[in-house]
Every structure is written in C-alpha cells, then in structure tokens.
Amino acid sequence: MTRIADLSMRLDVHRPVWSADGTGGETVSYQIAGALWGAVMVRGMAERYADERLDGIVTHRIRLRHGSGIVGEIAGGWRLVSGVRVFRVLVAAPVEDGGRWLDALCEEECR
C-alpha cells in the first residue's frame, strides 16, 4: 500500500516533441510539462552493449498520484527526470485500487 509519505523523489515530467529534421526524418526533443513527487522502486538491473560501449540499464517502477494534473497524460516515450537521473517511461497504467495511483514502468538511462 502506497502512502503520500512514500512519494519522496521530486520529478520533472518531460513530454516528447517531434520536429522535422530537414532531410525527411524527425528528431525528438523534450519539453518540461510539469513537476511532481513519486515513489521510485528498483525492479531489476542489467547491462547491454550499445553503440560500441557498455550501457547500464536499471529498470524501475515509479508510482505517481493519479489525478494530479499532468499524471493522466504520461505515456511511453515520456521522461521523468530527477537531477542527473533520467527515467525513460516504457508504459504507464493506473493501479487497480480505485484510480488513486499511476504506475510508470521505466528504464533509468545510466550515462
């Protein structure tokens, strides 16, 4: 059971913004959409080889209070940022408890 006191990490919510790159493709940048408090829980850790280097990925579940403004819009592709820590949202779904909470399954980008 999550309590309000468990929401101990301040997170900036970054929304993806797509724009044409001039060569027929698109680039993505991120715009701050708001800030909120979340409960960050580690779900697992892994390493993978990407772009000719070892990349560390830590998978997290971040619980947010549903109904607090921007929370209902959060979806895959968004980012939750706390200082230098960046969490890439893979999926976000309401918790089965009457709609009070939203869980975002994320990968922490370790760079």
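Me: In which strand is His60 found?

Reply: His60 is found in strand 3. A strand is a DSSP run of E with at least two residues, a helix a run of H or I with at least four, and both are numbered from the N terminus. This is a predicted model, in which local features need pLDDT of at least 70, side-chain atom pairs count only at pLDDT 80 or more, and totals for chains, interfaces and linings use all residues. Residues are numbered from 1 along each chain as its sequence is written, and side-chain values use heavy atoms, with hydrogens and water left out.

Me: Why is His60 called buried?

Reply: Buried means under 20% relative accessible area, exposed over 50%, and partly exposed in between, with a 1.4 Å probe and protein chains only. His60 has a relative accessible area of 1%, and is therefore buried.

Me: Which residues are in contact with His60, leaving aside its neighbours within four places in sequence?

Reply: Contact means heavy atoms within 4.5 Å. On that basis His60 is in contact with Val40, Met41, Val42, Arg43, Arg85, Phe87, Ala104, Leu105, Cys106 and Glu108.

Me: What makes a set of residues a nonpolar core?

Reply: The residues must be buried Ala, Val, Leu, Ile, Met, Phe, Trp, Tyr or Cys, joined through side-chain atoms within 4.5 Å. The largest such core has 16 residues, of which Leu11, Leu64, Ile74 and Leu80 touch the most other members. Two or more residues come from each of strand 1 (9-20), strand 3 (53-65), strand 5 (85-94) and strand 6 (101-110). In soluble globular proteins, nonpolar side chains tend to be buried together. Leaving aside neighbours within four places in sequence, the contacts of Leu80 include Leu11, Ile62, Ile74 and Val89.

Me: How do you know that strand 1 and strand 2 pair?

Reply: Two strands pair if DSSP finds at least two bridges between them. Strand 1 and strand 2 (residues 26-50) have twelve bridges, in the antiparallel sense, and so they pair. Asp12, for one, has Ala35 of strand 2 as its bridge partner. Their hairpin has five residues between the strands, and Gly22 takes a positive phi near 90° there.

Me: What does the secondary structure of the protein chain come to?

Reply: The count is zero helices and six strands. Of the 111 residues of the protein chain, 33% count as buried. Among contacts with a separation of 6 or more, residues 24 or more positions apart account for 50%.
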